[in-house]
Amino acid sequence: MRITPSGQTLGARIEGIDLQNPLSSAEIREILVALGQHGVLCFPKQTLDVDAFAAFGSCFGGLEINVANMFHEPEHPEVMILSNIKKDGKQIGLGDAGQGWHTDMSYSETIALTTILHAQKVPVVNGAPLGNTEFRNMHAAYDGLPADVKARIEGRTATHDFNKFWEMMRQRPGNTRPPLTEAQRKRKPPVSHPIAYTHPVTGKKVLYCTIGYVTHIDGMPAAESEALLDILYREQDRDQYLYAHRWTEGDVLMWDDIGTTHNAVADYGDHPRYMRRVQVLADRDYPAMVR
Ligand code: SIN
């Protein structure tokens, strides 16, 4: 395995490994360490099938079956399809996934360690790929907070709600997402997590608080919570924490859902895009795995 850092705030390419094959525990450890260090890992030119893709994700934790799972690969409810492609007039995938800054599964009691996408079809216009996925570095954003703000968030939790992002998407013109059902809302009720979150791989604090899912800071008057959230969002929005992945078909992209936030850029209209996705739960003893 060759790991080449991007030289930017996030990102590395990992070559010399075929993800169709099972990983050794040494390879799993090496990838986990790289994930903590670089936040976004690209394994280019991968041709793995759906079984191998799910097996790769399972090396790092259990695979979530999304609560609103409208589109997935046959026989694989844990492998979602993100796509704007229509067949016989019907969508074959979720066409608007992740279009806003967030981190996956912060709305869940067991949060996500990583999300992994495998690019099957990338929109290309005039030779340039469209539909970048943008990331921000939350290790660096936490480090960048002034000391008094760090003191104010220490020991504090924020509430994350799946329905917030869902409703935000539904408000967009032409959006076809149905409202979440009562049963879906019950399966993912709002949950609280520390804002200064200790990353299970790096052991360092990250800013775990995104505008996509956070509704408020717990135990704080609403106006104070809003003002403090505003400070946290402004810090994480800085350009110095930004990294954009430009897709190539065959890329397997694995990102750290605890140490980064992300946003899917919807600039490709009807040009076809097709991604497979797994969301991997942070349900293992990572400190022991990387020791
Ligand atoms: C996501 O937020 O999981 C989707 C990202 C993308 O499709 O670029």
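Colleague: In which strand is A158 found?

Modeller: The model is a predicted one, and in it A158 is found in strand β12, which spans residues 157-160.

Colleague: Is A158 buried or exposed?

Modeller: Relative accessible area is the value to read here, and a residue under 20% is called buried. A158 counts as buried because its relative accessibility is 0%. Leaving out residues up to four places away in sequence, A158 touches V191, S192, H193, I195, V214, H216, I217 and D218.

Colleague: Where does V252 lie, and which residues does V252 touch?

Modeller: V252 lies in strand β18, residues 252-256. With a relative accessibility of 0%, V252 counts as buried. Beyond four places in sequence, V252 touches L19, L41, C42, F43, Q46, L48, F56, I116, L117 and H118.

Colleague: Let us turn to the ligand. Which residues surround the ligand?

Modeller: The surrounding residues are L82, A97, G98, H102, D104, L117, T133, W255, H262, A264, R273 and R277. By class, this shell divides into five nonpolar, four polar and three charged residues.

Colleague: Which side chains place a polar atom by an oxygen atom of the ligand, and at what distances?

Modeller: For such pairs, the distance between N or O atoms is the quantity to read, with a limit of 3.5 Å. In the side chain of T133, an N or O atom is 2.5 Å from a ligand oxygen. For the side chain of R277 the corresponding distance is 2.8 Å, and a polar side-chain atom of H102 lies 3.3 Å from an oxygen atom of the ligand. The ligand taken alone exposes 260 Å², of which the protein buries 99%.

Colleague: Where is H262 placed, and with which side chain does H262 make a polar contact?

Modeller: H262 is in strand β19, residues 260-264. The side chains of H262 and D104 make a polar contact at 3.2 Å, and both residues belong to the shell around the ligand. H262 is buried, since its relative accessible area is 4%. Outside four places in sequence, H262 touches G100, W101, H102, T103, D104, T133, E134, F135, W255 and D257.

Colleague: Where does N66 lie, and is N66 buried or exposed?

Modeller: N66 lies in the loop between α2 and β4 (72-73), and N66 counts as buried because its relative accessibility is 7%. A polar atom of the N66 side chain lies 3.0 Å from the backbone nitrogen of A68. The side chain of N66 also makes a polar contact with that of Q279, at 3.3 Å. Its contacts beyond four places in sequence are M80, Y107, F162, R277 and Q279; R277 is also one of the residues surrounding the ligand.

Colleague: What are the phi values of K45 and N126, and where do these residues lie?

Modeller: Phi is read together with residue type and location. K45, a residue other than glycine, has a positive phi near 55° and is placed in the loop between β3 (40-43) and α2 (50-58). N126, likewise not glycine, has a positive phi near 50° and lies in the loop between β9 (124-125) and β10 (128-129). K45 is exposed, because its relative accessible area is 73%; N126 counts as exposed at 80% relative accessibility.

Conventions. Residues numbered from 1 in each chain as written. Predicted model: local features only at pLDDT ≥ 70, side-chain atom pairs only at ≥ 80, totals over all residues. Heavy atoms only, no water. Near = heavy atom within 4 Å. Polar contact = N/O pair within 3.5 Å; in protein donor to acceptor, adjacent residues only side chain to side chain. Areas by Shrake-Rupley, 256 points an atom, 1.4 Å probe, with all protein chains shown as cover. Nonpolar A, V, L, I, M, F, W, Y, C, P; charged D, E, K, R; others polar. Helix = DSSP H or I, 4+ residues; strand = E, 2+ residues; numbered from the N terminus. Buried < 20%, exposed > 50% of the residue type's maximum accessible area, 1.4 Å probe, protein only. Contact = heavy atoms within 4.5 Å.
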